Amino acid sequence: MFKSTKCPSSNSAVPKALHLATAVARCNALGTALLLDGHFVLLNTAGEFVLLGAEVFKTLNLSAVLLIEADPKVVANRVQSRDGLRRDTEWLATFMRAERAQAEAVCSELSVPIRILVSVSYTHLTLPTSDLV
């Protein structure tokens, strides 16, 4: 749901994105379609939201974005099970609103279509990617 980073700002995320973009370009050149798990908002060491700008995603040459959301209570349970962290559902709801707003802003700036799925089921994930976006 959310990633913690030692980065004080979004600028330090750019070099990592360039390495990812190079790997993605190699796969695309081979005709391989990829579904990347990424985030539009990270947390810095102070626990503050770091919004990743369009420049981070531009080099990936995205064809679409699929934003997957769930109820904050469900997310809180998953985070606790996965990471042992207890997150307040209001905090998670705020984080999710920031994630959605940043995803929509980035997609708008890059003219990339976005589809938002809420409470995704296994059936959603077995659809061809053309049906998802």
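**View 1. Contacts across the chain of the predicted model.** Of the contacts in the protein with a separation of 6 or more, 71% are between residues 24 or more positions apart, where a contact means heavy atoms within 4.5 Å. This is a predicted model, in which local features need pLDDT of at least 70 and side-chain atom pairs count only at pLDDT 80 or more, while totals for chains, interfaces and linings use all residues. Residues are numbered from 1 along each chain as its sequence is written, and side-chain values use heavy atoms, with hydrogens and water left out.

**View 2. Alanine 23 in helix H1.** Helices are DSSP runs of H or I with at least four residues, strands are runs of E with at least two, and both are numbered from the N terminus. Alanine 23 is partly exposed, with a relative accessible area of 27%; buried means under 20%, exposed over 50%, and partly exposed in between, with a 1.4 Å probe and protein chains only. From alanine 23 to leucine 60 there are 37 residues in sequence and 9.2 Å in space, C-alpha to C-alpha.

**View 3. Leucine 36 in a loop.** Leucine 36 lies between helix H1 (13-29) and strand S2 (41-43), and this leucine is partly exposed because its relative accessible area is 41%.

**View 4. The elements of the whole protein.** The protein has 6 helices and 5 strands, which follow one another from the N terminus as β-α-β-β-α-β-α-α-β-α-α. Buried residues account for 31% of its 133 residues.
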